[in-house]
Amino acid sequence: MPCDQVEENGNLFTDDVLSKSETVSNMTQLNGFNSTDTDHADERAETYGKEKDTDVNNGLVSEASAVSKNSFGTDNHNKESSLQQTQQIFSQENLSYPLENNTSSDVDNHDKVPSFEQLGQPNVHSTVDNVSNSGFNSGSDVREQSILKENSSFSCENTGTSNSSIESIVPILPPADSTPNVTFPRNVEPNVVPYVARVDHNASALDKDVKSNMVNHGKSGKLQNNIAAFHDNSSMTTITKEKKKPEMQASGVMSVSEMNSLLLQSWSSPKFMRPQWASAVDQELLLAKSQIENAPIVENDQILYSPLYWNISMFKRSYELMEEMLRVYIYKEGEKPIMHQPGLKGIYASEGWFMKLMEASKKFVTKKPMKAHLFYLPFSSRNLEEELYVPNSHSSKNLVEYLENYLDIIVTTYPFWNRTAGVDHFLVACHDWAPFETKQLMHNCIRALCNADVKEGFVFGKDVSLPETNVPVPKNPLRDLGGKPPSQRSILAFFAGKMHGYLRPILLKHWGDKDPDMKIFGRMPKVRGKMKYSQYMKSSKYCICPRGYEVNSPRIVEAIMYECVPVIISDNYVPPFFEVLNWETFAVFIVEKDIPNLKNILLSIPEERYREMQMRVKKVQLHFLWHSRPVKYDLFHMILHSVWYNRVLQMQP
C-alpha cells in the first residue's frame, strides 16, 4: 500500500499492519497487566461520593452510560502481517536512513479526592513485580526505587527549609540584572557531574545569586552515574544498573536544587533504547537539540524576563523551533466522553483546555503520522473517573483495563508506538489518580501530570508538571485577573479551603483564628458583605498553597493570577514547567514540618525581596493563562513546549 494513503488516512489498513501477537511481543503484554483489589480502604473513601465538587461535575458533558471495556470492538485483533511488511511500507517513504535490525475559587472548587492508595489500593510500587517482564521502561522503576540512595556528588544544602534556623529558609533571589545564560563548554568530560553550588543562606543581600543552578542547564554531557543502560533488542529487554542518586534530605524532602540535578542528569544520560527503525523525524529532533544547546545568547527580551528562567537563551530558541518544526499526530480512536471530550470547568480543567486547543490546532497538528514528532493520546483522566469508577469499590481495575484496551487498539493498528516503545507519545492528565492509572501501561510516555510527586514515580527529564488551573467560567477564563499593588496588600498571608489530606488540619491548628496578620481559614462560606476568596488573594502579600490529598493545588496558579507570591508547602512537589522556570526566583518553598514557624519565616523576608518576587510573579503570569485562541507563551503553548523540550533533550545520536 502506498505511503501517501497511510498519511492521508492517518492509519494503516488491516492488511498492512503488524499482527497483534507480533506487535505485542515488542512491548508490554497489555492483557497481562495486573491490578490488585483490596478490601481495606481509607476512611475518607466512605464519603468519596459526597466530597466531589458538583461545580466540576457540571462542567463535564457525560453520556448516559459508561463506556464498557469492550466498546472498542475486536476487529483490530485479527490483523495478519509482519515486521518486514511494515518495513516495506516505510521504505516507500524514501527515507535517507535505513531500517535497523536490532539484535536486542471559589474555595468550594478546591475539593480533591483521595488517591487509590488512600482508597485502599496497594502502593503503586508494589505492582512493579507483576510487570517485571514489561517492555515499558522497566529501568525507570530502578530510577524511582533508587531516588533515595546517597550520592555525594549531588549533595547540596537545602534551599527549602531543612535547617531549623529561620535565616536558612529565606529564599535567596538572583538580582534583577543577573544573567542566567552562563554555561560551561558544551562538551563536558565523561566524569563531570552537573554543577550545583552551595549557597550561603546566612547572607542577607540580594546579590546572592542562585544562577549557579542555571549553569550548564540542559547542556549535553556524559555523566558518571547513569541511571540505567538500555540494550537494543526487539523484545525491549533492559539492563538496569542501580546507581546512586541525589539524596533526599534527612526529612525525606528533595530540594529544588536537587530536583534540578536530577533533571540535568536525565538529559545528559541515555535512558531509552534506540528506535526499532530510523525515521527522518529523529534527525530533525537531533538538529533541534543541537540548535537549542548552541542557542545565541539572549541579553534583553521584550517579553521574557530573564531571571525567571534557568536559561532564557535555550528556552527562547527551543520555543522558536517548536513553532517552526513541531508536528503532532492525534489518534482518532476512542469514544466520548473519555476520549476527545474536554471538560473546561473546575479544578481539572487543564487537561480539558489543552485537549480542546490541541485538537483544534492547525499549526501543530498533522494528519500524516509519519511526519509527526509527537503522538498525543487524547483521553481525559477526569472523565475516566467520572464514567467508570464505581463509588465505594476502592478499585481502579476497570479504569486501568479501559486504558489497556485503548492502548491495545493503538498498538495493533499503528506501528508508531512500537518504533519507540511509546517514548514519543504523550498524555495530559490532571486528575489525582492519573499517575497510578498510567504508571505501568504508559510509563515510557511523556506524562504531563498535575499530581507531579517525586515519590509517586515522576521522572525528571521525561514527565512534565502540569499546572492545575481552576476555571469557574469557561467562557471567560481570565475573569477577575490581577490584584492590588504591594503597598495596598495589608494581609501578610492567606489560605482558605477544605481540610483535605493530613497537612491542612495542621495548618489550621497552628494559625486558624490566632493572628490578625495570618488569615487562615477552613472552608469559607459565601456570605454577602464579606470578603470573597479572590479578594483575600488580591489583598495578601503571600498566598499559602498547601497540598491536599496529593501534592498539587490549584492555589498556585490562582496566586499567580492574583499577583500574590505563592508559598508552596508540599514536600517533593515538582512545580509546573520546571524544565525552564526557576521557581525559587518568584515563590517561597517551605517544608511541611516548618508550619509552626510560618509567620516568622515570612516576616524574615525583607520588604525589598518581597517586592522583587511580587514583580516577578506578574512577569511570569503570561505563562499561566488560558485563552480561547492560544497566545504566544501562554499556558497551552507552555504545556506543549515542555513536552517538546523533554522529547528533544532525550534524543541521543
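## Salt bridges

A salt bridge is counted where a side-chain nitrogen of Lys or Arg lies within 4 Å of a carboxyl oxygen of Asp or Glu. This is a predicted model, in which local features need pLDDT of at least 70 and side-chain atom pairs count only at pLDDT 80 or more, while totals for chains, interfaces and linings use all residues. Residues are numbered from 1 along each chain as its sequence is written, and side-chain values use heavy atoms, with hydrogens and water left out.

Across the whole structure, 15 salt bridges are found. One of them joins Asp 282 to Arg 419, with 2.9 Å between the closest N and O atoms. The two residues are 137 apart in the chain, Asp 282 in helix H8 (residues 280–293) and Arg 419 in helix H13 (residues 416–420); helices (H or I, at least four residues) and strands (E, at least two) are DSSP runs numbered from the N terminus. Both Asp 282 and Arg 419 are buried, where buried means under 20% relative accessible area, exposed means over 50%, and partly exposed lies in between (1.4 Å probe, protein chains only).

Asp 301 and Lys 316 also form a salt bridge, at 2.4 Å from N to O. This pair is 15 residues apart, connecting the loop between H8 and helix H9 (312–325), where Asp 301 sits, to Lys 316 in H9. A further salt bridge links Lys 538 and Asp 480, with the closest N and O atoms 3.7 Å apart. Here the separation is 58 residues, from Lys 538 in helix H16 (residues 533–538) to Asp 480 in the loop between strand S7 (464–465) and S8. Lys 538 is buried at a relative accessible area of 15%, whereas Asp 480, at 36%, is partly exposed.

## Helix H11

Arg 382, Glu 385 and Glu 386 are linked in a network of salt bridges. Helix H11 (residues 381–388) is mostly covered, with seven of its eight residues buried. Among the buried residues of H11 are Arg 382 and Glu 385, together with Ser 381, Asn 383, Leu 384, Glu 387 and Leu 388.

## The sheet from S3 to S7

Five strands make an open sheet in the order S3-S4-S5-S6-S7, with parallel pairing; two strands pair if DSSP finds at least two bridges between them. Strand S3 (328–330) and S7 are the edge strands, each with a single partner, so one side of each has no neighbour in the sheet. S3 pairs with strand S4 (residues 374–376) in the parallel sense over three bridges. Within this pairing, Tyr 329 has Phe 375 in S4 as its bridge partner.

Strand S8 (residues 491–495) and S9 pair in the parallel sense over three bridges, and Phe 494 has Lys 519 in S9 as its bridge partner.

S10 and S11 run parallel and are joined by five bridges, with Cys 543 opposite Pro 566 in S11. Between S10 and S11 the chain passes through helix H17 (residues 555–561) in a right-handed β-α-β crossover; right-handed means that, with the strands pointing away from the viewer, the path from the first strand over the helix to the second runs clockwise. On its other pairing, S11 is parallel to S12 over two bridges, and Ile 568 stands opposite Phe 589 in S12.

## Covering of S11

Five of the five residues of S11 are buried, so this strand is largely enclosed by the rest of the structure. In a regular strand, side chains alternate between the two faces of the sheet. In S11 both faces are covered, with Val 565, Val 567 and Ile 569 buried on one side and Pro 566 and Ile 568 buried on the other.

## Confidence

The protein chain has a mean pLDDT of 73, and 61% of its residues reach 70 or more; pLDDT is the predictor's confidence in each residue, from 0 to 100. Residues 120–216 have pLDDT below 50, and this stretch has 250 contacts in the model beyond near neighbours in sequence, a contact being heavy atoms within 4.5 Å. Residues 219–244 also have pLDDT below 50, with 98 contacts beyond near neighbours in sequence.
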